[in-house]
Amino acid sequence: MSRKRVASSLLFDDSFPQFSLFTAVHKHYSLEQWKDFASQNPDCLQHLAASSGMGSSDFEQLEQILEAVPQVKYICLDVANGYSEHFVEFVKDVRKRFPKHTIMAGNVVTGEMVEELILSGADIIKVGIGPGSVCTTRKKTGVGYPQLSAVMECADAAHGLKGHIISDGGCSCPGDVAKAFGAGADFVMLGGMLAGHNESGGELIERDGKKYKLFYGMSSEMAMKKYAGGVAEYRASEGKTVEVPFKGDVDHTIRDILGGIRSTCTYVGAAKLKELSRRTTFIRVTQQVNPIFSDDS
């Protein structure tokens, strides 16, 4: 897949390196868990990013993890709202502390903020506010941006400064992943598409002869109860919890996604993935697929 990889915020597992896919590991794993994983899976570390919020305790833990596991060379600075002076300063501080690491930062949805973060030291900007399958930000706050438009605009801004972007959210099928690359994304982050597998977090639930796994947004009430003791009084939950039908091994889903992207490249005449954005044209439609035999019919 050339220099472009699919990123996931869900899976902390050794399945992805065989496909050269990339995993951004959420910030709630402890230093001891990182050490244990590193000792058992040394070949996987080059495909991982250690994540951090912008709190002082987050920064301290990030330092501890990167000092204990020096093979990890990627940092993901992950906040719901990248539009703050505090976040910009935090990116500068992290760049100063880790001058040789690759820094991903977000989320934002406009070219101006992409440029600001790149000039502040980020290498890759995470793009997307509201499009995630378990995100309720648009309902709770009214804030959001159409994902395809955001990717197009932010990719232009990032590439003009020799930076990169990750399209984060909005993909529900392999064709959506291909469209994100076609719109100019350098990476695509997947959550819901990778939920419900053996390698996904969460308990396996069995009910009425069927199996499910819980999938929830990190701003959901469930996540905040699990990691922060509950929803703070000054804010609202901006995520939901869903039961995803159990899908088995993630290997099958990954192969389906990669196969779809390869086929996309053949349809549009792209010899390499990085050519995809130069071979595609987007047309606005009211209906994309034939619904006669759809699940909803």
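**Close-up views of a predicted protein model**

View 1. Leu-117 touches Phe-87, Val-88, Val-91, Ala-105, Val-108, Ala-122 and Ile-125, when residues up to four places away in sequence are not counted; contact here means heavy atoms within 4.5 Å. Buried stands for under 20% relative accessible area, exposed for over 50%, and partly exposed for values in between (1.4 Å probe, protein chains only).

The model is predicted, and local features need pLDDT of at least 70, side-chain atom pairs count only at pLDDT 80 or more, and totals for chains, interfaces and linings use all residues. Residues are numbered from 1 along each chain as its sequence is written, and side-chain values use heavy atoms, with hydrogens and water left out.

**View 2. The protein as a whole.** The protein has 9 helices and 11 strands. Helices (H or I, at least four residues) and strands (E, at least two) are DSSP runs, numbered from the N terminus. Of its 297 residues, 45% count as buried. Among contacts between residues at least 6 apart in sequence, 62% join residues at least 24 apart.

View 3. Strand β3 (residues 48-52) runs parallel to β2, and 3 bridges join the two; strands pair if DSSP finds at least two bridges between them. Thr-23 has Leu-48 as its bridge partner in β3. From β2 the chain crosses through helix α1 (residues 31-40) to β3, in a right-handed β-α-β crossover. Right-handed denotes a path from the first strand over the helix to the second that runs clockwise when the strands point away from the viewer.

**View 4. Positions annotated as a binding site.** In an unreviewed UniProt entry, the annotation "binding site" covers Gly-130, Gly-132, Cys-135 and Arg-138. UniProt positions are given in the numbering used here, feature names are shortened, and annotations may be inferred rather than shown by experiment. Gly-132 lies in the loop between β6 (124-127) and α5 (137-141), and Cys-135 also lies in the loop between β6 and α5. Gly-132 counts as partly exposed because its relative accessibility is 26%; Cys-135, with a relative accessible area of 27%, is partly exposed. With neighbours within four places in sequence left aside, Gly-132 is in contact with Gly-169 and Gly-170.

**View 5. His-101 between α3 and β5.** His-101 is placed in the loop between α3 (85-97) and β5 (102-108). The residue His-101 is buried, since its relative accessible area is 13%. Leaving aside neighbours within four places in sequence, the contacts of His-101 are Leu-66, Val-72, Lys-73, Tyr-74, Ile-75, Arg-95 and Asp-123.

View 6. The peptide bond from Gly-106 to Asn-107 is cis, with omega near 20°. Asn-107 has its place in strand β5.

View 7. Lys-162 is not a glycine, yet has a positive phi of about 60°. This residue, Lys-162, is found in the loop between α6 (147-160) and β7 (164-168), and is exposed, with a relative accessible area of 76%. Asp-208, likewise not a glycine, has a positive phi of about 55°. The loop between β9 (204-207) and β10 (210-216) holds Asp-208, which counts as exposed at 75% relative accessibility.

**View 8. His-252 in helix α9.** Helix α9 (residues 250-268) contains His-252. With a relative accessible area of 56%, His-252 is exposed. His-252 and His-197 are 55 residues apart along the chain, and their C-alpha atoms are separated by 9.8 Å.

**View 9. Cys-154 and the disulfide count.** Cys-154 is buried, with a relative accessible area of 0%. A disulfide is taken as a pair of cysteine sulfur atoms within 2.5 Å, and by this rule the count comes to 0 disulfides.
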